[in-house]
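Subject: Structure handover

Hi,

Here is the structure I promised to send you. Have a look, and then read on for some notes on its salt bridges.

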Amino acid sequence: MVKHVILWTLSPDLSDEQKQEVKTGIKQGLEGLVGRVPGLIEATVHIGGRLDSSNADVMLDSLLASPEALRGYAQHPDHVAVANSKVRPYTVSRTCLDFEI
């Protein structure tokens with residue numbers, strides 16, 4: 001099993017209302033991939049409850065069946081579509097941590 005954790009910082013050019021809409025879109029898009037992308041077991045996107053001590057805006061906490069499943073997820077057309085339409089246009093930084101459990 002592989003944990004795939006991503007932290008994103010949203011563009012400071014977005015208004016608070018836009019940021020909320022973007023966060024919701026990221027959450028719906030990525031969580032909606034469970035059952036559609038082989039090997040993606042769980043995907044939870046955390047968009048609320050952020051404390052002022054944070055330096056990221058959105059967190060993906062996901063579980064995949066194997067390192068091979070992670071590679072497949074990264075290239076899967078549905079994942080690429082979500083990343084290209086709901087994540088990349090609105091983020092300025094991305095941090096990733098992948099590890100086997």
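Arg71 and Glu68 both sit in helix H2, which covers residues 67-75. Because the two are 3 residues apart there, about one helical turn separates them. They form a salt bridge, with 3.4 Å between the closest N and O atoms. Please keep in mind as you browse that this is a predicted model.

How many salt bridges does the structure hold? There are 5, and I'll go through two others here.

One of them is in helix H1, residues 16-31. Glu31 and Lys27 are 4 residues apart in that helix, so they too are separated by about one helical turn. The closest N and O atoms of this salt bridge are 2.8 Å apart. Are these side chains' residues buried or exposed? Glu31 has 27% relative accessibility and therefore counts as partly exposed. Lys27, at 26%, also counts as partly exposed.

The other pair is Lys3 and Asp61, whose side chains meet in a salt bridge at 2.7 Å, N to O. This one links distant parts of the chain: Lys3 belongs to strand E1 (residues 2-10), Asp61 belongs to strand E3 (residues 58-64), and the two are 58 residues apart. Lys3 counts as buried because its relative accessibility is 19%, and the cut-off for buried is under 20%.

Happy to chat about any of it.

Best wishes

Technical notes: Residues numbered from 1 in each chain as written. Predicted model: local features only at pLDDT ≥ 70, side-chain atom pairs only at ≥ 80, totals over all residues. Heavy atoms only, no water. Salt bridge = Lys/Arg side-chain N within 4 Å of Asp/Glu carboxyl O. Buried < 20%, exposed > 50% of the residue type's maximum accessible area, 1.4 Å probe, protein only.
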